Amino acid sequence: MQIYLSARDVRKTYGSHHALAGASLELYEGEILALLGPNGAGKTTLIKILATLLTKDAGRIDVMGYDLDRDEQEIRHLFGYVGQDTDRSAYARLTVVENLRFFGALRGLSRREIDEQIEKLAGYFDFGANLDKLFMHLSGGQKQTVVIMRALLYDPPLIYLDEPTKGLDPLIAKKIRAFLQTYVRDERKSLLLTSHILSEVDELAHRVALIHNGVISAAGGSDELKAAVGAPHLIELRDADLPAEISQAIQQLDSVTGQIEREPGWASFGLTDPQLGTEAVLGLLREHQLHVPFRLHTTTLEDAFVHHIGVLNEQFEK
Ligand SMILES: Nc1ncnc2c1ncn2[C@@H]1O[C@H](COP(=O)(O)OP(=O)(O)O)[C@@H](O)[C@H]1O
Ligand SMILES: [Mg+2]
């Protein structure tokens, strides 16, 4: 698959603060990539640089064969961007259609092109019933939908969304995610979105890039990122009740991949198969007549995130 967007070693400082300390990522044709990281990680800074709203200090960005340093004008036609200021991204006293026609005309589209595009987008976003309402009379989720539609009017191949569901109630957020998913798939778009919500990213993204302190530590499918933690399934035994020699013996079992550190107070063992592994570990405890509190755990994206940040910190310390 083709790489549509590539960012290499992008740096940005605000005064003496390094918001981006060498961030790199690739966005492929037809994929949804989520840039996942906590507040202050550098997500907005990076997406604004990609959207040509902010200049980078260093690094290289290529978009579909164009170099951002040289071909900014060409690149501006290749993406639609939605930032975080939804209320100020449309006119309160115009209807949805009036807003979209206005912004479409600004982009140089003909009335017919605009109306065809509005009809198509309203279909994807199930928005036909709201088109003649005033923007100021819409709910938060509906406003966000209009702003997304505005960004898609000229049919750009790339879409950049900065926390598209921020501040929306969970049901509306889910609906917007579902619309985006269908739209991206059917129209063969590439979508880069930022988020700090792990479950959202797990549900929506084909690949995830983990960003922390202005550095992207890992990118991959969420299963891949989870696999790096050690195993998809774990059995966890209360540390205080687990003799060291039993811990050793558990690690020797065929169905156990090894021990990992996940949470203080618990010894976590990776399992090749959750059923067989659990039976083997519990069997071993029974043989030694030990009663150790245990629980089963399925590796989450949060575990992956913590793991990768741990790896990152180790690299810093070296
Ligand atoms: N205009 C600015 N001036 C100074 N510092 C800023 C500015 N914008 C962002 N920062 C700082 O840069 C870091 C990254 O911010 P940002 O890219 O907004 O992160 P995120 O979107 O992941 O929350 C944060 O520490 C933030 O406080
Ligand atoms: Mg942000």
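**Walking through the model**

Reply: Let's start with Leu 192, which sits in strand β8 (residues 190-195); helices (H or I, at least four residues) and strands (E, at least two) are DSSP runs, numbered from the N terminus. Keep in mind that this is a predicted model, where local features need pLDDT of at least 70, side-chain atom pairs count only at pLDDT 80 or more, and totals for chains, interfaces and linings use all residues. Residues are numbered from 1 along each chain as its sequence is written, while chains are lettered from A and ligands numbered from 1 in the order in which they are written.

Me: OK, is Leu 192 buried or exposed, and why?

Reply: Leu 192 counts as buried because 27 C-beta neighbours fall inside 10 Å. The cut-offs: buried means 20 or more other C-beta atoms within 10 Å of a residue's own, exposed means 12 or fewer, and partly exposed is in between, with C-beta atoms placed from the backbone.

Me: What is Leu 192 in contact with, leaving aside neighbours within four places in sequence?

Reply: Leu 27, Leu 33, Leu 35 and Tyr 160. A contact here is two C-beta atoms, placed from the backbone, within 7 Å.

Me: And what does Tyr 160 touch, not counting residues up to four places away?

Reply: Tyr 160 touches Ile 47, Leu 50, Ala 51, Phe 79, Tyr 81 and Leu 192.

Me: Which residues touch the most other members in the largest nonpolar core?

Reply: Ala 34, Tyr 160, Val 208 and Ala 209, out of 67 residues in that core. A nonpolar core is a set of buried Ala, Val, Leu, Ile, Met, Phe, Trp, Tyr and Cys residues joined through C-beta atoms within 7 Å. Helix α5 (residues 140-152) gives this core its largest share, six residues. At least three residues come from each of domain 1 (1-78 + 156-220) and domain 2 (88-151).

Me: What other core lies apart from it?

Reply: Another core of 10 residues, among them Ala 231, Ile 250, Leu 271 and Val 281.

Me: Switching topic: what does the domain assignment give?

Reply: Domain 1 (1-78 + 156-220), domain 2 (88-151) and domain 3 (230-298). Those bounds come from an automatic or database domain assignment. The C-alpha centres of domain 1 and domain 2 are 23 Å apart, and nine residues of domain 1 are in contact with eight residues of domain 2.

Me: Which helix gives the most to the side of domain 1 that touches domain 2?

Reply: Helix α6 (residues 170-186), with five residues. That side of domain 1 divides into seven nonpolar residues, two polar and no charged. For those classes, Ala, Val, Leu, Ile, Met, Phe, Trp, Tyr, Cys and Pro count as nonpolar, Asp, Glu, Lys and Arg as charged, and the others, Gly among them, as polar.

Me: Now the ligand. What surrounds ligand 1?

Reply: Tyr 14, His 17, Ala 19, Gly 37, Asn 39, Gly 40, Ala 41, Gly 42, Lys 43, Thr 44 and Thr 45. To be near the ligand, a residue needs its C-beta atom, placed from the backbone, within 6 Å of it. The shell divides into three nonpolar, seven polar and one charged. β2 (17-28) and α1 (43-50) each supply at least two of its residues, and the largest share, three residues, comes from α1.

Me: How many residues of α1 are buried?

Reply: Six of its eight, so to speak mostly covered: Lys 43, Thr 45, Leu 46, Ile 47, Ile 49 and Leu 50. Just after α1, Thr 52 takes a positive phi of about 60°.

Me: What about Thr 257, where is its place?

Reply: In strand β12 (residues 256-260). Thr 257 is partly exposed, since it has 18 other C-beta atoms within 10 Å. Leaving aside neighbours within four places in sequence, Thr 257 is in contact with Gly 230, Ala 231, Gly 270, Leu 271 and Thr 272. Thr 257 and Ala 231 are 26 residues apart in sequence, and 7.4 Å apart in space from C-alpha to C-alpha.

Me: And how many residues of β14 are buried?

Reply: Zero of the five in strand β14 (residues 294-298), which is hardly covered. Five bridges join β14 to strand β11 (residues 233-238), and the two run antiparallel; pairing takes at least two DSSP bridges between strands. Glu 236 stands opposite Arg 295 in β14.

Me: Last one: what does the whole chain come to in helices and strands?

Reply: 11 helices and 14 strands. Buried residues make up 36% of the 318 residues.
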